[in-house]
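Subject: Structure for your files

Dear colleague,

Please find the structure below. My notes on it come after.

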Amino acid sequence: MRLELRSCLCALVFALGAVALVQPVSAEPAHGIAMYGEPALPPDFVSLPYANPDAPKGGRIVLGETGGFDSLNPYIVKGRAPYTLAPLTVETLMGRSIDEPFSLYGLLAESVETDPARTWVEFTLREEARFSDGSPVTVEDVLWSFEELGTKGMPRYWIAWQKIASAEQTGPRSVRFTFTGQDRELPLVLGLRPILKKAQWEGRDFASSGFEAPVGSGPYILESYEPGRSLHYRRNPDWWGRDLPFNRGQHNFDEVIVEYFGDAGVAFEAFKSGALSVFRETNPAKWLTNYDFPAARAGEVVKSEIPHGRPSGMEGLVMNARRPLFADWRVRDALIQAFNFELVNRTLTGGTEPRIPSYFANSALGMAVGEPAEGRVRALLEPFASQLLPGTLDGYALPVSDGSEANRPALRKAARLLAEAGYDVQAGVLRGPDGRPVDFEILLPQGADTMIAAANIYAQSLARLGIAVRIATVDPAQYKQRVDSQQFDMTSFLRSLTLSPGNEQLLYWSAAGKDEPGSRNLMGIESPAAEALIRHMLSTDDPEDFTASVRALDRVLTAGRYVIPMWYSQVSRLAHDRHLRYPANTPVYGDWPGFLPDVWWAED
């Protein structure tokens with residue numbers, strides 16, 4: 001019943017957005033902007049629908065993270081910065097509502113304006129906007145931030161920067177960005193760009209990693225930190241934006257503390273002892289069995305399940321197609337066949353979680369699993385028919401094993417695929433067309449206990465095919481360096497997706513820049529079909545055409561066989577101190593950035 005209700009909610013939210021898509025977009029300054037038509041909230045809204053405007057202020061929340069950090073600059077490739085730093089201390093021109101597919105409301109900007117074709121966007125800053133040091137946020141800061149991020153920041157910033165033909169000040173507090181072409185999503189992408197203080201970085205190399213936190217305009221100030229171990233944020237009593245409607249009921253804690261641990265097991269023990277306020281449980285089997293400790297029995301710890309209506313996204317083990325071994329789709333298919341999901345799922349989760357069938361599953365944007373492409377989806381794919389892998393047009397579904405440890409039918413099919421690709425077993429060792437033994441490494445970060453356990457089960461299956469697998473676990477800094485530089489054979493993969501896919505899809509799946517440091521295209525996919533579908537998705541103003549293009553993209557990615565999918569949860573599982581509260585009206589995206597700790601509060 002709950003799954004059916006969430007699926008209906010997901011479809012309803014998208015349908016409402018799709019209906020709005022056919023409505024004209026006003027070229028007048030507005031309080032907000034949506035990818036589809038108009039934003040849901042009116043100009044005089046009181047607060048976000050999933051925030052409690054009467055939530056009390058005060059108290060503290062202590063969060064736990066695994067790994068560490070060696071930088072306080074979250075906007076560059078170099079170093080590993082804490083993910084909490086940007087959302088707590090730095091603001092964007094506009095803020096996102098996680099109760100709509102993709103809608104933004106004024107934050108640093110009091111208004112946004114764009115033309116119906118969306119070939120430009122103009123933002124007007126709020127006169128009262130201030131950095132934490134009391135200095136005003138200016139157009140000069142905006143222009144500098146966009147250019148500095150676009151030329152020295154993460155790839156996600158420079159990809160958007162390349163689409164900007166000109167950036168100019170149009171008034172005392174107004175700035176306009178003109179695009180190189182029509183792009184429906186780009187006004188929203190730019191609205192979410194962080195705004196930094198130009199004066200802080202004068203005479204300094206922004207791209208250098210270090211322990212100087214950016215001066216931001218957000219609700220919190222980083223009061224202290226211990227490199228790699230902890231951060232202490234304190235709510236800014238002089239925060240300029242505390243009374244904005246978008247912020248009412250948000251950022252309620254006086255203190256947010258983040259403690260780092262070597263792995264999730266150590267973090268859980270800290271939570272049990274009362275050192276942490278919240279623990280996010282990702283293993284459903286542990287959710288049922290591991291919460292019978294004294295604080296839980298005494299009612300000091302409570303368990304909450306947060307439903308969501310977002311796509312499943314993709315999580316699993318990704319194969320690096322830059323490597324010759326994984327460049328052949330038959331090899332990738334064989335490796336997927338050899339992964340005994342039913343055994344892994346039963347062993348690690350008790351078999352409670354469904355497998356991820358495709359990238360946009362659990363939403364109206366997902367492909368029809370195992371069914372042939374029809375109608376508009378097929379029409380979009382057919383021009384690329386000669387390039388598409390088997391199953392893209394005729395239907396593709398992941399294999400289902402018999403659940404036994406031997407898993408003989410699946411391994412026989414994997415062996416046939418490998419033989420077709422020129423591989424054969426000699427004296428128990430699989431050898432490639434070049435005669436060399438087949439072996440590869442699965443790179444995982446320390447603390448990824450569930451994925452490490454899954455990889456060990458997988459390695460035993462591959463051994464039956466004559467494949468030697470090494471499982472390498474490295475510290476977070478080394479892991480990031482190796483993944484950023486594509487120095488891996490196979491590694492863990494997590495790609496969260498939304499109800500409003502857009503320009504980020506080019507970042508994930510485009511061949512352009514795939515070999516650059518920090519590329520998000522981990523598998524190294526080169527697919528003209530995928531890129532054409534994304535560009536069509538970005539340019540169409542027809543809601544049915546948009547849905548069809550995403551479903552077609554889902555087919556190309558899934559049948560591409562780049563990732564060995566794991567499972568997904570239709571709820572987020574949060575165990576927390578009984579004094580912590582969150583609104584009853586949870587957002588459609590559920591436990592998503594913008595939910596915890598943003599709209600939570602403490603009560604006695």
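The notes cover a strand, a loop residue, the cavities and the nonpolar cores.

This is a predicted model, in which local features need pLDDT of at least 70 and side-chain atom pairs count only at pLDDT 80 or more, while totals for chains, interfaces and linings use all residues. Residues are numbered from 1 along each chain as its sequence is written, and side-chain values use heavy atoms, with hydrogens and water left out.

Strand β21 covers residues 571-577; helices (H or I, at least four residues) and strands (E, at least two) are DSSP runs numbered from the N terminus. Of the 7 residues in β21, 6 are buried (under 20% relative accessible area, with exposed over 50% and partly exposed in between; 1.4 Å probe, protein chains only). β21 pairs with β13 (residues 301-307) in the antiparallel sense over 7 bridges, where pairing requires at least two DSSP bridges between the strands. V302 has H576 of β21 as its bridge partner. Strand β12 (residues 278-281) also runs antiparallel to β21, joined by 4 bridges, and F279 stands opposite A575.

I356 sits in the loop between α11 (341-349) and α12 (375-381). I356 is buried because its relative accessible area is 1%. Apart from neighbours within four places in sequence, its contacts (heavy atoms within 4.5 Å) include S312, M314, L398, P565 and W567.

There are 4 cavities of 30 Å³ or more. A cavity is a set of points, on a 1 Å grid over the protein atoms alone, where a 1.4 Å probe fits but cannot get out; lining residues have an atom within 4 Å of a point. Points are joined across faces, edges and corners, and a volume is the space filled by probe spheres set on them. The largest cavity holds about 60 Å³. Its lining includes P155, W158, I159, L506, L507 and K514. Helices α4 (155-161) and α16 (504-509) each supply at least two lining residues, and α4 gives the largest share, 3 residues.

The largest nonpolar core has 113 residues, and L93, F123 and F177 have the most contacts inside it. A nonpolar core is a set of buried Ala, Val, Leu, Ile, Met, Phe, Trp, Tyr and Cys residues joined through side-chain atoms within 4.5 Å. Helix α18 (residues 543-559) gives the most to this core, with 7 residues. A second, separate core of 43 residues includes V331, L444, Y458 and A559.

Regards

Methods
On a 1 Å grid over the protein atoms alone, a cavity is a set of points where a 1.4 Å probe fits but cannot get out, and a pocket is an open set with protein on both sides within 12 Å along at least five of seven lines; lining residues have an atom within 4 Å of a point.
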